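Visitor: Could you walk me through a new model and show me how to read its features?
Guide: Gladly; let us look at the structure together.

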Amino acid sequence: MVPISCVICIRVFMLLIDLIKEATTFGSAACSEGNHEWLFEGGRGCPKGYEDCSQTVYRCTVCGEYDYGYAGGAAWDECFIKCTLEFNV
Ligand SMILES: [Zn+2]
Ligand SMILES: [Zn+2]
């Protein structure tokens, strides 16, 4: 015989699991559409090889994916604009 308080605990726990699942699904849905929540994490050399240009490294706070500076990504846009302005390419 399981005490009644334990049954309530399990119910609450299950509810929390459902909420976490929903939040994760929501986050990954946005991420899969390319709407990452980028957060500044560091810097790297310019992918175009310009010595005086550095590209920001972003990491998604939702799915943990890194922005490696690929075309269309947050860092690429930033670096592309900067390179275009400063190096006239
Ligand atoms: Zn993401
Ligand atoms: Zn650059």
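Guide: A rule to start with: two strands pair if DSSP finds at least two bridges between them. Keep in mind also that this is a predicted model.

Visitor: With that rule in hand, what phi does Gly-64 take in the hairpin of S2 and S3?
Guide: Gly-64 takes a positive phi near 80°. The hairpin has five residues between its strands. Strand S2 covers residues 54-60, and two bridges join this strand to S3 in an antiparallel run. One pair to look for is Tyr-58 with its bridge partner in S3, Asp-67.

Visitor: How many bridges join S1 to S2?
Guide: Seven, and these strands also run antiparallel.

Visitor: Now the whole chain. How do the elements run from the N terminus on?
Guide: Read them as α-β-β-β-α. That makes two helices and three strands in the protein chain.

Visitor: How far should I trust the coordinates?
Guide: Where pLDDT is low, predicted coordinates should not be read in detail. Here the protein chain averages a pLDDT of 78, and 81% of the residues score at least 70. Among the elements, strand S1 (residues 38-45) has the highest mean pLDDT, 89, whereas helix H1 (residues 4-32) has the lowest, 74.

Visitor: Let me try a side chain. Why does Trp-76 count as partly exposed?
Guide: The idea is to count C-beta neighbours: a residue needs 20 or more within 10 Å to be buried, and 12 or fewer to be exposed. Trp-76 has 17 inside 10 Å, so this residue counts as partly exposed. You will find Trp-76 in helix H2 (residues 74-87).

Visitor: Which residues is Trp-76 in contact with, leaving aside its neighbours within four places in sequence?
Guide: Gly-69, Tyr-70 and Ala-71. Look at Cys-46 as well: 30 residues from Trp-76 along the chain, with 9.2 Å between the two C-alpha atoms.

Visitor: And what share of the 89 residues in the protein chain is buried?
Guide: Buried residues make up 8%. For contacts, take those with a separation of 6 or more: residues 24 or more positions apart account for 38% of them.

Terms used:
Residues are numbered from 1 along each chain as its sequence is written. Chains are lettered from A and ligands numbered from 1 in the order in which they are written. pLDDT is the predictor's confidence in each residue, from 0 to 100. Helices (H or I, at least four residues) and strands (E, at least two) are DSSP runs, numbered from the N terminus. Two residues are in contact if their C-beta atoms, placed from the backbone, lie within 7 Å.
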